[in-house]
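Here is a short note to read alongside the structure. Take the points one at a time, and keep the 3D view open as you go.

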Amino acid sequence: MIGTKLYKNNQDDMTRYTETAIWCNENNATIEDKGEYYQVVAIPKPTLDELKADKLVEIDAWTAAKITGGFVSNASGEVVTYDSDKDTQLTMQGIALNVNTELFAEKYPDGCPVRGYPAGSETKQIYMLTPAQVMQWQADLSIHIGACKQAGWAKQAEVQAATTKEELDAISLE
């Protein structure tokens, strides 16, 4: 059916248009408007470079999701999973910059409140972090982000090394 022409001024051809469109959808083809007629053409398979570019976009999204998907820290003295979205990162960075100031002592006399999920729980609890614990929390977050970025770089290297579509498809983003 590739190459078939359906002339616009031919009623029989126009009657077959829907049937042809269904065939195209099932066979990786499309119908192109050529002016006086429509023609069935194969949809070209993407090149390896195009597939690699698509995979790299997927890896970028995967890496970003890992970074902002939470992290584990023992800063409070117990194992807790904290949020790591951009707002949390910025807020805690600002707090960490001020842990040794009078303002921190004034605003957080009992410690800085940070919510997280204790190990084995799906309910957030509030943890009151001391200045040293805030700094440990920030260090743990930074280590988490670095590990996520390194994992993304490793996946990018796999993409660059891939020589076939099958090798690209085998790159797992768990």
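1. Let's begin with burial: 30% of the 174 residues of the protein chain count as buried. Please keep in mind that this is a predicted model.

2. Now for the overall form. A compact globule of 174 residues would have a radius of gyration near 16 Å, whereas the protein chain has 28 Å. Along the principal axes, the C-alpha atoms fill a box of roughly 85 × 35 × 30 Å.

3. Next, the secondary structure. Following the sequence, their order is β-α-α-β-β-α-β-β-α-α-β-β-α-α.

4. Contacts and surface come next. Take the contacts in the protein chain with a separation of 6 or more: 53% of them join residues 24 or more positions apart. The accessible surface is about 11000 Å², and carbon and sulfur atoms account for 52% of that.

5. Which residues have the most contacts inside the largest nonpolar core? They are Tyr-82, Val-114, Leu-129, Val-134 and Trp-137, in a core of 19 residues. At least two residues of this core come from each of β5 (80-82), α4 (86-97), β6 (112-118), β7 (125-129) and α6 (131-161). Helix α6 gives the most, with 5 residues. Apart from this core lies another one of 6 residues, including Leu-51, Ala-162, Leu-168 and Ile-171.

6. Val-134 deserves a look of its own. Not counting residues up to four places away in sequence, Val-134 touches Met-92, Ile-95, Ala-96, Val-99, Phe-104, Cys-112 and Leu-129.

7. Is Thr-63 buried or exposed? Thr-63 counts as buried because its relative accessibility is 12%, and the cut-off for buried is under 20%. Thr-63 belongs to helix α3 (residues 48-68). Leaving aside neighbours within four places in sequence, Thr-63 is in contact with Cys-148, Lys-149 and Gly-152.

8. Finally, where is Asn-28 found? Asn-28 sits in the loop between α2 (17-26) and β2 (29-33). Phi of Asn-28 is near 55 degrees, which is a positive value in a residue other than glycine. With 43% relative accessibility, Asn-28 counts as partly exposed.

Definitions and conventions. Residues numbered from 1 in each chain as written. Predicted model: local features only at pLDDT ≥ 70, side-chain atom pairs only at ≥ 80, totals over all residues. Heavy atoms only, no water. Helix = DSSP H or I, 4+ residues; strand = E, 2+ residues; numbered from the N terminus. Rg over C-alpha atoms; globule rule 2.2 N^0.38 Å. Buried < 20%, exposed > 50% of the residue type's maximum accessible area, 1.4 Å probe, protein only. Contact = heavy atoms within 4.5 Å. Areas by Shrake-Rupley, 256 points an atom, 1.4 Å probe, with all protein chains shown as cover. Core = buried A, V, L, I, M, F, W, Y, C linked by side-chain atoms within 4.5 Å.
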